Amino acid sequence: MKVTIFGTGYVGLVTGGCLVQKNHEVICFDINVGRIENLNEGNVPIFEPGLNELIAKGIDSGKLLFTSSSKDSLKNSDIIILCVGTPDDGTGATSLKAIESCAKIISETLDHSVPVLIKSTVPVGTSVKIQNLIHKGLKERKMDILIPVASNPEFLHEGVAISEFYNPDRIVLGTQDEQVIEVVNKLYKDVMPESNEILVMSPESSELTKYASNAFLGTKISYMNQLSQFCSLAGANIDDVRKGMGPDPDIAPGYLYAGCGFGGSCLPKDISSLIHQAGEKGKDLSILKAVRDVNENQKRYLFSIASGLFNGNFQDKKIAIWGLAFKPKTDDMRGAPSLTIIKNLLDSGSKVECYDPVVSKDRENFQIQNESLKIGLDPYEIVKGADCLIICTDWSEFKNINYEKLGRLMNRKTILDGRNILIPDEAALNNFEYYDIGRTKIDQT
Ligand code: UGA
C-alpha cells in the first residue's frame with residue numbers, strides 16, 4: 001500500500017520505518033523543512049534503539065520518502081496516518097492545532113477517496129470533529145470524494161517501540177465503516193497481534209481506550225509509590241510486596257515498580273487531559289486527580305530525604321545525579337522526575353552535577369541552565385566531592401556500580417536510589433548510607 005504519514009516525530013518515524021519493512025511504500029510529510037532535509041540525509045532527530053538503522057534501510061530501499069510538500073505526500077495515497085503532536089495547551093486540555101491543520105491540508109488538497117487514521121492521542125470526539133472539518137472543506141471545493149476518519153491509537157513504549165510495533169499486544173480501531181476496516185486489516189496484515197484480530201469499536205471508545213490505558217498504568221504506579229512510603233516506615237519491602245502481588249493475573253506484574261515518580265510525554269499529559277475532558281462533561285475523575293498528586297509528591301520524595309540528611313541546609317553541598325531521562329534507553333526529558341529534583345536542589349542552594357548515558361551527550365542544550373548545575377560525561381568524574389548521589393533513571397550500567405571507586409571520590413558516602421536498582425546489603429557492606437524507595441526502613445526517631 002501507499003501510506004502517507006503526517007508528522008515525523010516519535011510515532012510517525014517508528015510507524016513509517018516499520019511499515020516499509022512490511023512491504024508498504026511510505027511517504028512522511030512534515031511542515032518542518034529543516035527536519036525533512038535532515039531525515040533525507042539519514043539524520044534521525046530522536047533517540048530510539050534501532051530507529052536510525054530502520055530509517056537508513058528504508059531510505060536505501062527507495063520505499064521511504066520524506067517531504068515537506070503536502071501535495072506530493074498525498075498523491076495516490078491509499079491511507080493517511082496522522083501522527084502529529086497533541087501537547088497540553090497549558091491548562092491540562094489537549095491542543096488540537098496540529099491535527100486541525102492536517103484536516104485543513106487534507107480537505108484542500110486531496111482529489112481521491114482515502115481513509116484517515118488518527119494515531120495521535122486525541123480527546124474523545126476528535127475523530128468525528130475532524131471528519132466534519134474535512135467534509136466541510138471538501139464541500140466548499142465541491143469535491144465528491146469520501147475521506148472517512150477513524151481512530152487508531154498507538155500503544156508503543158519508548159525504548160522498545162520497534163519490536164512492539166512488529167508484535168503488538170492489540171490493535172484498536174475506532175470506526176463503523178466496513179471499507180476502512182478492510183483497508184486497515186490490509187495495512188497491518190503482517191504485524192497482527194497474537195489473536196490475529198483488530199479490535200473494532202466506535203471512534204469515541206477507541207479514543208478513550210488510549211487514555212484509559214495510560215491513566216491506568218499511572219494509577220498502578222502511584223498506588224505502589226504511595227504504598228512504598230508506608231513500607232519504609234512500617235519495615236515492609238515494596239519489592240517483595242510487588243513480587244507477591246504480580247503473579248495474580250487479575251493484577252498483572254507490570255507497572256508495579258515503585259520509583260521516584262513517573263514521567264514521559266504520555267502518562268502525565270494523558271492523565272491531565274482525561275481529567276480535563278471529564279471535567280468538561282461535569283464528571284470529577286477524583287481517582288486520577290489523586291494519581292497525579294501522588295506522582296507530584298513522589299517526585300519530591302528523594303529531595304525530602306536529602307533535606308533530612310542535611311537538616312535542610314544545602315549550602316556548600318554538592319549532590320551528584322545519575323540518570324536524567326524519564327526512563328532508560330531514551331533521551332526524552334519530558335516530565336522526567338530528575339528535573340523536579342534538580343530544581344528543588346538548585347532552589348535550596350546546592351551544587352548539582354549530573355550524568356546520563358545519552359542526555360549528557362547533548363548537554364549544551366539541556367533545558368536547565370544554571371551556574372550551579374554541571375552535566376558531565378563520566379559517571380565517576382561527577383561524584384568527586386559529592387555529599388550524596390541520587391539515582392533517577394534505571395539505566396542498566398548503574399547496576400554495575402564500583403563502590404570502592406565511588407567511596408574514594410565522594411565526600412560523604414550516601415546514595416539515594418530512586419529506582420531500587422542497587423542491592424541494599426551490598427551498599428551497607430561497602431559502608432554506604434543507603435536509602436531507596438520502600439525497601440529499607442527509615443528510622444522516624
Ligand atoms: C507510555 C505507555 O506505557 C505506553 O503504553 C503508551 O503507548 C505510551 O505512553 C504512549 O502513549 O505513547 P512511555 O511514555 O514510553 O509509554 O513510558 P513508560 O514505559 O510507560 O514509562 C512511564 C514512566 O513510568 C517512566 O518514568 C517509568 O520510569 C515509570 N514507571 C514505569 C514506573 O515508575 N514504574 C513502573 O512499574 C513502570
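Me: How do the residues lining the second largest pocket divide into nonpolar, polar and charged?
Reply: That lining has eight nonpolar, six polar and three charged residues. Ala, Val, Leu, Ile, Met, Phe, Trp, Tyr, Cys and Pro go down as nonpolar, Asp, Glu, Lys and Arg as charged, and the others, including Gly, as polar. Bear in mind this is a predicted model, where local features need pLDDT of at least 70 and side-chain atom pairs pLDDT 80 or more, while totals for chains, interfaces and linings use all residues. Numbering runs from 1 along each chain as its sequence is written, and side-chain values use heavy atoms, without hydrogens or water.

Me: What's the volume of the second largest pocket?
Reply: About 400 Å³. Of its 17 lining residues, Pro123, Val124, Gln277, Glu280 and Lys281 are the closest to the centre. On a 1 Å grid over the protein atoms alone, a pocket is an open set of points with protein on both sides within 12 Å along at least five of seven lines, a cavity is a set where a 1.4 Å probe fits but cannot get out, and lining residues have an atom within 4 Å of a point. Points join across faces, edges and corners, and the volume is the space filled by probe spheres set on them.

Me: Which helix gives the largest share of that lining?
Reply: Helix 11, with six residues. Helix 6 (126-140), helix 9 and helix 11 (267-280) each supply at least two. Helices here are DSSP runs of H or I, at least four residues long, numbered from the N terminus.

Me: And how many cavities of 30 Å³ or more are there?
Reply: One. The largest cavity has a volume of about 40 Å³, and Ser206, Glu207 and Lys210 are among the residues lining it. Helix 9 gives the most to that lining, with three residues. By class, the cavity lining has three nonpolar, four polar and two charged residues.

Me: Which ligand atom does the Phe326 backbone sit by?
Reply: An oxygen, 2.8 Å from a backbone N or O atom of Phe326. The protein buries 92% of the 710 Å² that the ligand exposes taken alone (Shrake-Rupley areas, 1.4 Å probe). A polar backbone atom of Gly263 is 3.0 Å from a ligand oxygen too.

Me: How many salt bridges does the count come to?
Reply: 19, taking a side-chain nitrogen of Lys or Arg within 4 Å of a carboxyl oxygen of Asp or Glu. One joins Lys129 and Glu100 at 3.3 Å, N to O. That pair links distant parts of the chain, with Lys129 in helix 6 and Glu100 in helix 5 (residues 97-109), 29 residues apart.

Technical notes. A polar contact is a pair of N or O atoms within 3.5 Å; within protein, one must be able to donate a hydrogen and the other to accept it, and residues adjacent in sequence count only if both atoms are side-chain atoms.
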